[in-house]
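Biologist: I would like to go through this model label by label, asking what each one rests on. Could you begin with the terms and then set the values against them?

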Amino acid sequence: MSEFLRAYLTVAVFAGAAGLLVALMLGAGWLIRPSRPTAQKSIAYESGVDPVGPGFGQSQVRYYIFALLFVLFDVEAVFIFPWALRLESYGLFGLVEMGIFIVILALGLVYAWRKGVLRWV
Amino acid sequence: MTPAVIAQIEPIATPEIEWFAVSPLLVLVGGALVLLTAAALARSRPPRGFYALFTVVTAALAVACSALLWQRVTDPGRGPFTAIGGAITIDGFSVFFAVTITAAIALGALLADDYLRREGLDGPELYVLMLLSGTGGVVMAMANDLIVVFLGLETLSIALYVMAGLHLRRLESQESAIKYFVLGSFSSAFLLYGIALVYGATGSTNFGAIAGFLSGNVLASNGLLLAGFALLLVGLGFKVAAVPFHVWTPDVYQGAPTPVTAFMASASKAAGFAALLRVFVSTFDVYRLDWRPLMWGLAVLSLLVGSFLAVVQSDVKRMLAYSSISHAGFILVGAEAASDRGIAGALFYLLAYTFMVVGSFGVATLVGGRGDADHGLSAYRGLSRRRPLLALAFTVLLLAQAGVPLTSGFLAKFYVIGAAVEADSYALALIAMLSAVVAAFVYLRITVAMYMGDETEGAEAVTRPAVRVPPGAALALGVAVAFTIVVGILPSPVVDFARDAVPVLLSAP
Amino acid sequence: MNDLGFPLLTALIVVPVLGALAVALVPRSNAALVRGVGVATTLVVAALSVWLLVVFDGNDAGFQLGEKYTWIADFGIAWNLGVDGISLFLVVLTGLLYPIAVIGVRPHHDPKPYLAWLLLLEAGCIGVFLSLDLFLFFVMFEIVLVPMYFLIGGWGYGDRVYAALKFFLFTMAGSAFMLVGIVALAFLHQQATGELTFDLVTIAEAQGSIAQTTARWLFLGFAVAFAVKVPLFPLHTWLPDAHTQAPTAGSVILAGVMLKLGTYGFLRFGLYLFPEAAAYFAPFLVTLGVIGIIYGAVVAAMQRDLKRLVAYSSVAHLGFIVLGTFAFTTQGLQGGVIQMVNHGISTGALFLLVGMIYERRHTREIAELKGLQKAAPVLAGVFTVVMLSSIGLPGLNGFVGEFLILLGSFPTRRWWAVVATVGVILAAVYLLWAYQRVFHGAPDEANAGTPDMDRRERLIMAPLLAAIVFLGVYPKPVLERIEPAVDRLIAHVEASSDFSQPEVAATEGER
């Protein structure tokens, strides 16, 4: 076995120990607990509101679109901050590159806007 | 900020951009962005077929740029070169794939035109995504660096995930998009891990540097490198739909809108093979004894599983999906030979296959009818009576896929078989040819339905809605059939094109 | 370009293709013109093949009228045609049998695609006989499947789809082995000589560039393809289905021309390219041939369907040809070649006659037919002559071929020849018995009104009868043109293997 693979032996030992521990604890619980099944216990939530309707319910898509747009510009910011800090060393090349990046993203925003995504219906 | 401070900042060496080298990419991306923005800002709807026309013109421009690049790389005085800091290679290989993928874009756009109107989905999105996805494919072919391969792969794939789910009202389309996305991301992870391991073993992601390192050093323990090979093969094998990484193919091909399937089967497969050939056959050439058996296994499995499972299908799109798996096996036969002739054979096969498969799925687009649902074998029953020319075109394309002489498909098979025999892989060559016979049964079943199935269900054939053949699709089919036959009879120009497009290994300057 | 100043061989292949295109371009509504163009094309090809017969130099053993144009330079593939004594008569047979099949049989529907496919088939068949390039040969050998597939599937009877699929897949599977063999042969030849070429003569004359064991394997690869096409027992099962379900013209061409592609392949490629391997495997192949003779005859005798009976008789006849081919004697090979022509004429004629009976009675069940002799005396008379030719009655063509084959194979394959002789007797049994049941006796109500042959049918049977009698009485002009090429082939085998032709069998000219 190479040195490289030997280093992973620890990982394997830990993984095995973790699995063993979980199995032990769950197994002990299963052995000693009493079993009294009732219909109530089979419901997804034992307390609170009873679930109604099929599992594949429809939900409003607009939250997701806004969330998506937010993530988009959030990630853009993640790129822009470090770039701004080192702008001098990138020089003109860096400026143009980031310009292209922002323009392309802005085109996406324009598209979303024209598609009426930004209107809250 | 004083001048003194500015002087302290050490400027980062930014690479020189050779605009000429990336001109096909720029044309494709530029076309996509212009189309998207213009379509979004336009007050009124453009005339019918404008989007498709725009896409075809963009593709034609990209081909023109590729032609100029071809002149440059085949000019003995100048030859192939790397650009953008050694990130991409411009050689015959890149140009070949630029042409192949762009052809797939143009044909796919022609097919999509009427399809989108028919399904009430008309808009620029599919064309934009097709152009962007194609760009990713060309990037993969041009890549001279594993990271760039990954970049291209993701651009190609992410656009394809969306395209697969573009048919909003078809549940199968949504299903195929999700399946493709989940499995595709999974395989991307494999590829990325493979890249990391190869980097760990060789100290570089640049192809030239990796090849230089591998030929210059003998590794005491190469477990890391071999694991990297295996993971890379998994990632790329998924993209080209080689068994055992094929399970997504039938579902996704069946569910995706048919013009998208046509594009997926041609461009995405071509791009995957571009990366596979450049990474394995060209870069890892020194370790061919290690990866050739793997490739052998993939080829045999793809050939057998693809052709045998195609036989038991009843849906034409699924049949074509499985047959595309067996075609991947054939191309792998060329790759397994690990020789220049093998690569050239694989390239010839890919170009011929692009036209055959786009044409075949093009026919499926038309026969599928409104709702893109009518893909059972029974939909083709008696097609020769209702649409004799369409049936004839499909027959030519199917026989070409079966490898009947005087079609490009036969030459393609002949080419890769020749390469395999030259590399002493007799068993592989024989398995390939026999699985072609099995696959031929599938194609014949479809022709039987078209030509000989009219008597038993004559009444039904009358009540079926007429198959419309819109001009755009007719043009695409005409081009595909003409290419298939002309190259089958006079293959020399394409043979030479493929021969001169064997990849070269260049280190970063 | 050849000495003629006219690319005759290319024309023989191109004219049918052009004819097929012309047929395809004529509007469907104009049925008379469609048929006219089709018939005219076959007549032009027939005239060209007769011209070929006239200009052929009977004393030259090599390939004549050669034409060679580069096709795919990168692989050394050329459009390379030539004709010698072995292929000459097969080309002429194709050229002359076609007008008869096209004029004699009218399809029940869609005459336009039917004629187009038939003409493409003709181009492919002639192409196989004329190709001197391995690649070109394979292309032609394989392309004939497509028209035949559509002819059987589109215009055939009964279980036609099954028959068409079986025919296509069987042959294609055989060809798969041959393609790998061809490619391997070319690359091995390149490794030995440095020149990548698919030229038949170049590779065949460079004996020794391929190791003995390798050559044997390659021969087997070719042999599988040819054995399916012949067909040799036990690969024959596609034949009865294809022949029985095919439309009449298809059966005529299938039996008359396409079965010869296999036996011709054995002669031209098996023996010429791999003489040593051919000699090595000859006992095996001869055994299969003789099994085919006996098996075909016995099974034919059991058939209830007249067309199936004729189909199985083909298995037996082709067995004779294989026996003659692998006897490696002048008479045996000569007999094999002339028997190919004979079988084309007589079995083609038999299929035409069975087709005529079917047109009249709409059944081919022997049990349903009775006493046709009373109702249709001319039909019965013609049938008698053709049947006797097929049996091998002296004075008719079948006798010449079978006699030469038995004569030629007796010195080298004695016991096989003895068993094969039994096949001759069995042929008489099953054909005469079938004749008796169909034509003799008093016709019942259904058969009494059977009309006799009309003028068109008599007209198309006349040349076939003339050929049957002419070849039976005076085969010399044919035999003396075949002989030089056959002698050359045997000399080639003798030069490259330890086989040598026994003295008895060698002809006067050689000693």
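Modeller: Two residues are in contact if their C-beta atoms, placed from the backbone, lie within 7 Å. Please keep in mind throughout that this is a predicted model.

Biologist: What makes up the contact between chains B and C, and which element of chain B gives the most to it?

Modeller: The contact takes 26 residues from chain B and 22 residues from chain C. On the side of chain B, the elements that give two or more residues are helix 17 (408-422), helix 18 (426-452) and helix 21 (492-499), and helix 18 gives the most, with 13 residues. Sorted by class, that side of chain B has 21 nonpolar, two polar and three charged residues.

Biologist: Which residues does B:I417 contact, leaving aside its neighbours within four places in sequence?

Modeller: B:I417 is in contact with B:A429, B:A432 and B:M433, and also with C:L179, C:V180 and C:V183. In the largest nonpolar core, which has 411 residues, B:I417 is one of those that touch the most other members, together with B:F348, B:Y349, B:V416 and C:V180.

Biologist: And what does the contact of chain B with chain A consist of?

Modeller: There, 14 residues come from chain B and 13 residues from chain A. Helix 2 (23-41) and helix 9 (223-240) of chain B are the elements that give two or more residues to that side, with helix 2 giving the most, five residues. By class, this side of chain B has nine nonpolar, four polar and one charged residues.

Biologist: What is chain A itself built of, and how much of it counts as buried?

Modeller: Chain A has five helices and zero strands, and of its 121 residues 0% count as buried. Its domain assignment gives domain 1 (3-33) and domain 2 (62-114), whose C-alpha centres lie 45 Å apart.

Biologist: Why is helix 4 of chain B called largely enclosed?

Modeller: A residue is buried if 20 or more other C-beta atoms lie within 10 Å of its own. In helix 4 of chain B, 25 of the 27 residues are buried, so this helix is largely enclosed by the rest of the structure. Helix 4 (residues 92-118) of chain B reaches 40 Å from its first C-alpha to its last, close to the expected 39 Å, although it bends by about 30 degrees at B:A112.

How values were computed. Residues are numbered from 1 along each chain as its sequence is written. Chains are lettered from A and ligands numbered from 1 in the order in which they are written. This is a predicted model: local features need pLDDT of at least 70, side-chain atom pairs count only at pLDDT 80 or more; totals for chains, interfaces and linings use all residues. Helices (H or I, at least four residues) and strands (E, at least two) are DSSP runs, numbered from the N terminus. The expected span of a helix is 1.5 Å times one less than its number of residues. The bend at a residue is the angle between axes fitted to the seven residues ending there and the seven starting there. A residue is buried if 20 or more other C-beta atoms lie within 10 Å of its own, exposed if 12 or fewer, and partly exposed in between; C-beta atoms are placed from the backbone. Domain bounds come from an automatic or database domain assignment. Ala, Val, Leu, Ile, Met, Phe, Trp, Tyr, Cys and Pro count as nonpolar, Asp, Glu, Lys and Arg as charged, and the others, Gly among them, as polar. A nonpolar core is a set of buried Ala, Val, Leu, Ile, Met, Phe, Trp, Tyr and Cys residues joined through C-beta atoms within 7 Å.
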